[in-house]
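Reader: I have a model open and would like to talk through its packing with you. Could you take me through it step by step?

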Amino acid sequence: MKIPFVDFNAPYIELKDALDAAYRRFMGSAWYVLGHEVEAFEGEYAAYCGSRHCIGVGNGLDALYLILRGYGIGAGDEVIVPSNTYIASWLAVSQAGATPVPVEPDPRTYNIDPDRIAQAITPRTRAIMAVHLYGQSAEMDPICALAREHGLKVIEDAAQAQGARYKGRRTGHLGDAAGHSFYPTKNLGALGDGGAVTTDDPELADRIRMLRNYGSKQRYHNEFKGVNSRLDELQAAFLRVKLRKLDDWNARRQTVARYYLEAFADQPDLIRPCIPAGSQPVWHQFVVRHPQRDLFQQRLADAGIATLIHYPVPPHLSPAYADSHFTQGDYPIAEELARTILSLPIGPHMVREQIEEVTTSIQRILHS
C-alpha cells in the first residue's frame with residue numbers, strides 16, 4: 001500500500017458540493033477583491049479564535065510582517081524568535097527591518113523554551129514571537145508573563161495550529177496578535193494562498209487593514225507606505241466552507257495521533273511527541289525523532305510510506321542568514337532536531353488501513 005504524505009483530493013471529494021456552491025456564489029457576485037466573502041470569513045474566523053478582530057491578508061508571512069509593521073517595529077529593534085521554526089518566522093522580522101534573536105526550543109515539545117527567553121532580552125527587544133509548531137501551542141503563560149514584565153508584545157505564529165488549545169483557549173487569542181496561514185497543507189487550508197491576523201487591539205486591526213491595502217482606508221488617500229496583501233475573495237469563500245469542518249477534521253487528526261502514540265510506546269529508538277499538561281494539539285504534523293533518521297526515512301520510502309523533514313536546515317544555518325554570522329554549533333538543540341526529526345503521514349482523511357500500514361511498517365523496520 002502506498003501512503004502519501006498529503007492527500008489533496010480527499011478534502012475536495014468530501015466538500016465538493018459546498019465548495020462548488022461557494023465558487024458559484026463568488027462568480028455570481030461580480031465582486032472580486034475585499035468583498036462580502038472576505039468580510040464574512042473575517043467575522044467567522046475571529047469568532048472561532050475568540051478574537052475581536054480578524055484581517056484577511058495574502059499569506060502567513062505577510063500576516064506576521066504586517067503585525068510588526070502595525071506595532072512600528074523595525075530598524076534598530078530586536079524580536080525574539082525560536083531557533084527551531086520554519087524560516088518564515090524569521091523572514092517577517094527581517095522584512096520589517098528588525099533583527100531576529102533566536103532562542104532554543106524545549107527538546108521535548110520543539111517549541112521555544114520560556115526559561116531561555118529572559119537571557120535573550122536586551123534594551124532593543126520589542127516583541128517575542130511564539131511559534132505554535134507542528135500544531136501544538138507554545139507555553140504561553142510564562143511567555144506572556146515575561147513579556148508583561150519587560151513591556152514587550154507577544155506575537156503568535158499560529159500558521160500550523162488552527163484550532164489548537166492552550167489551557168482551554170484557542171491559539172490566535174493567546175498573545176497581543178497572531179499571524180495565520182491558509183496555505184493548502186494547513187489544517188485550515190485554502191485552495192491557493194491566504195493568511196490572516198487576529199487581535200483584540202482595535203488600533204492595530206485598523207492599521208493593518210490600511211497597510212494591507214496600500215496604506216489606504218479611502219481610495220487614493222494613502223496614510224502609510226502600505227503593501228498589496230489582501231485575502232482573495234474566492235479563497236475566503238472556500239475557507240468559510242472548510243472552517244465549518246475544522247473541528248471535525250482536527251478531531252480525526254487527533255485520532256490518528258493517539259493511534260501512533262500508543263503503537264510506538266515501546267520503541268526506545270523512536271522519540272515520540274510530548275504533550276504538556278493543558279495543551280490540546282491539532283497535529284498539523286506528527287513529528288518523531290530517530291538517531292538514524294535518514295536511513296529510517298529511506299526504509300519507510302522503500303515500504304511505500306512518504307515522509308517529510310520539518311525542517312532540515314535551521315534558519316541560523318540557512319544561506320539567507322549568512323550575513324548574520326551564525327555558525328554551526330550556535331544553537332545545538334535546533335541543529336540536533338534538524339538531524340533527527342521526521343514527519344509521518346497524518347491527516348483527517350487517513351483510513352484505518354493506512355494508519356495500520358504505517359505503524360506495522362515502522363515496527364517492522366525498528367525491529368529489523
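This is a predicted model: local features need pLDDT of at least 70, side-chain atom pairs count only at pLDDT 80 or more; totals for chains, interfaces and linings use all residues.

Reader: Fine, so is Phe 264 buried or exposed, and on what grounds?

Author: Phe 264 has a relative accessible area of 0%, and therefore falls in the buried class. Tyr 260 is likewise buried, again with a relative accessible area of 0%.

Reader: And how are the rings of Tyr 260 and Phe 264 arranged?

Author: Tyr 260 and Phe 264 make a stacked aromatic pair, with 5.7 Å from centre to centre and 25° between the planes.

Reader: How many aromatic pairs does the structure hold?

Author: There are 13 aromatic pairs in the structure. One of them joins Phe 41 and Phe 182, whose ring centres are 5.5 Å apart and whose planes meet at 85°, so this pair is edge-to-face.

Reader: Where do Phe 41 and Phe 182 sit in the chain?

Author: Phe 41 belongs to helix 2 (residues 36–49), whereas Phe 182 lies in the loop between strand 8 and strand 9, so that the pair links distant parts of the chain, 141 residues apart. Phe 41 is buried at a relative accessible area of 0%, and Phe 182 is buried at 0% too. Ring pairs also bring Tyr 45 and Tyr 48 together with Phe 41 and Phe 182 in a cluster.

Reader: Switching to the sheet, what is the strand order?

Author: The order is 1-9-8-5-4-2-3 in an open sheet of seven strands, and the pairing is mixed. Strand 1 (53–57) and strand 3 (99–103) are the edge strands, each pairing on one side only, and from one strand to the next the twist averages 25°.

Reader: Which strands run antiparallel, and which residues face each other there?

Author: Strand 8 (residues 177–181) and strand 9 (residues 195–199) run antiparallel and are joined by five bridges, with Gly 179 opposite Val 197 of strand 9.

Reader: What about strand 4, which strands does it pair with?

Author: Strand 4 pairs in the parallel sense with strand 2 (residues 78–82) over three bridges, where Ile 128 of strand 4 is the bridge partner of Ile 80. Strand 4 also runs parallel to strand 5 (residues 153–157), to which five bridges join it, and here Ala 127 stands opposite Lys 153. Between strand 4 and strand 5 the chain passes through helix 6 (residues 140–150), in a β-α-β crossover that is right-handed. Helix 6 lies across both strand 4 and strand 5, and runs at about 150° to strand 5.

Reader: How many residues of strand 4 are buried?

Author: Six of the seven residues of strand 4 (residues 125–131) are buried, so the strand is mostly covered.

Reader: Last topic, helix 10: why do its buried residues end up on the same side?

Author: The buried residues in helix 10 (residues 293–302) are Arg 293, Phe 296, Gln 297 and Leu 300. They lie on the same side of helix 10 because they cover an arc of only 100° around the axis. Asp 294 and Asp 302, on the other side of helix 10, are exposed.

Reader: What do those buried residues of helix 10 pack against?

Author: They pack against helix 11 (332–340), strand 14 (341–344) and helix 12 (352–367). From helix 11, the buried residues, including Ile 333 and Leu 337, pack against helix 10 and strand 14 as well as helix 5 (114–117) and strand 13 (286–289).

Key: Residues are numbered from 1 along each chain as its sequence is written. Side-chain values use heavy atoms; hydrogens and water are left out. Buried means under 20% relative accessible area, exposed over 50%, partly exposed in between (1.4 Å probe, protein chains only). Helices (H or I, at least four residues) and strands (E, at least two) are DSSP runs, numbered from the N terminus. The arc is that of the directions from the helix axis to the C-beta atoms. Contact means heavy atoms within 4.5 Å. Two strands pair if DSSP finds at least two bridges between them. A crossover is right-handed if, with the strands pointing away from the viewer, the path from the first strand over the helix to the second runs clockwise. Axes are lines fitted to C-alpha atoms, for helices over the stretch in contact, and angles run from 0 to 180 degrees between N-to-C directions. Rings of Phe, Tyr and Trp (its six-membered ring) pair if their centres lie within 6.5 Å; planes under 30 degrees apart count as stacked, over 60 as edge-to-face and the rest as tilted.
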